[in-house]
Amino acid sequence: MRIVSGIQTTGNLHLGNYLGAIKQWVAMQNDVAATGGDCLFFLADLHSLTVAIPPAERARTTIEMAATLLAAGIDPDKAILFNQARVPAHAELCWILQGTARMGWLGRMTQWKDKAGKNREGASVGLFTYPVLQAADVLVYNATHVPVGEDQKQHLELARDIATKFNTDFDTELFTLPEPFVSKAAPRIMSLRDGAAKMSKSDPSDMTRINLTDDDDAIAQKFRKARTDPAPLPDTMDALADRPEARNLVTIFAALADRTPQSVVTEYAGQGFGTFKPALADLAIARLGPIRDRLTRLLDNPDAVTAHLVRGAERADALAAPMLQAAQHATGL
Ligand code: ADP
Ligand code: NA
């Protein structure tokens with residue numbers, strides 16, 4: 001099994017990013033390493049060129065994201081962690097595959113239609129060909145599996161169509177058709193002040209989210225001030241269906257403790273938030289404190305983070321270079 005997954009680079013990561021994404025990658029890395037497979041995680045800095053980001057911010061968020069992943073448990077000995085721009089085979093294979101991909105296929109991509117909107121003439125060419133780069137990202141490693149959310153299923157189908165057409169056109173069996181990798185459902189973490197809104201870095205109020213850089217006092221204070229209702233916790237999750245704030249705190253507790261939400265309500269049934277919130281804050285501090293401390297040390301030493309990315313890129317390049325060469329050979333380049 002070889003898994004390849006790209007990660008958008010963003011700064012200011014929060015508890016929702018950790019429980020909904022990063023913690024899942026760490027689990028995936030450990031599962032795949034245990035079976036002798038390979039896990040490649042890349043920071044999608046080439047993809048980020050489709051949005052206008054100041055260069056200094058692009059560089060900073062790449063380092064911040066890499067540091068956060070390392071702090072949260074991505075182990076550079078188990079997974080290959082690198083940024084896309086440092087492995088030129090991604091862009092080179094993308095160009096080769098642009099001879100294979102059809103305008104009509106790309107024009108049908110929902111994400112292109114959504115993002116370009118009515119302004120197709122003003123959209124960048126890269127926004128249109130984005131899914132071809134995504135295809136190259138996985139085909140260049142002959143990935144067997146790609147973790148995909150709902151919104152990315154269409155792009156994985158496209159990667160399979162491109163691989164099939166390339167193999168047919170050039171009478172080769174070069175590309176493996178990647179399968180979707182289904183991991184256990186990630187929890188969706190809501191704002192601490194509004195059970196109907198997702199916890200997000202774009203929320204103007206800092207009290208709505210736990211940042212991965214928050215100190216212990218800030219974590220405790222944010223949970224203390226989290227919105228709840230006066231009723232005690234019931235003994236089933238079903239009974240929390242119309243109490244979104246309470247349900248969110250139970251969901252966070254369960255995800256941090258690697259337990260089911262039902263086992264958490266069973267333990268706290270009949271107790272109020274005066275008891276539950278401090279227990280949740282203690283748990284969050286115990287789980288997030290060490291990650292924050294590692295993150296702080298890494299951000300103080302960005303050269304060490306860069307060194308990890310350089311080594312990851314070398315390992316990725318060693319896998320990608322023969323594939324690129326074979327694709328060049330197949331096409332007569
Ligand atoms: P934000 O919404 O803060 O801008 P992003 O859109 O950059 O976060 O998301 C990065 C990753 O984190 C994605 O995989 C996304 O699904 C996950 N994620 C973001 N917010 C949450 C949340 N509140 N709960 C669970 N997962 C989340
Ligand atoms: Na977002």
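**Exercise 1.** How do the residues of the shell around ligand 1 divide into nonpolar, polar and charged, and which of the residues around ligand 1 come nearest?

*Solution.* Sorting the shell by class gives 4 nonpolar, 7 polar and 3 charged residues around ligand 1. The structure is a predicted model, and in it the shell holds 14 residues, of which Gly16, Gly20, Ala21, Ile189 and Lys201 come nearest to the ligand.

**Exercise 2.** Decide why the radius of gyration of the protein chain agrees with that of a compact globule.

*Solution.* Begin with the chain length of 333 residues, for which a compact globule would have a radius of gyration near 20 Å; the protein chain has 22 Å, and therefore the two agree. Next, consider the extent along the principal axes, where the C-alpha atoms fill a box of roughly 70 × 40 × 40 Å.

**Exercise 3.** Describe the domains of the protein chain and the side of domain 1 that touches domain 2.

*Solution.* The domain assignment gives domain 1 as 2-186 + 301-331 and domain 2 as 206-298, with C-alpha centres that lie 33 Å apart. Their contact takes 15 residues from domain 1 and 11 residues from domain 2. On the side of domain 1, α1 (15-34), α2 (55-72) and α12 (302-331) each supply at least two residues, and α2 gives the most, with 5 residues. By class, this side of domain 1 has 10 nonpolar and 5 polar residues, while no charged residues occur there.

Methods
Residues are numbered from 1 along each chain as its sequence is written. Chains are lettered from A and ligands numbered from 1 in the order in which they are written. This is a predicted model: local features need pLDDT of at least 70, side-chain atom pairs count only at pLDDT 80 or more; totals for chains, interfaces and linings use all residues. The radius of gyration is taken over C-alpha atoms; the globule rule is 2.2 Å times the number of residues to the power 0.38. A residue is near a molecule or strand if its C-beta atom, placed from the backbone, lies within 6 Å of it. Ala, Val, Leu, Ile, Met, Phe, Trp, Tyr, Cys and Pro count as nonpolar, Asp, Glu, Lys and Arg as charged, and the others, Gly among them, as polar. Domain bounds come from an automatic or database domain assignment. Two residues are in contact if their C-beta atoms, placed from the backbone, lie within 7 Å. Helices (H or I, at least four residues) and strands (E, at least two) are DSSP runs, numbered from the N terminus.
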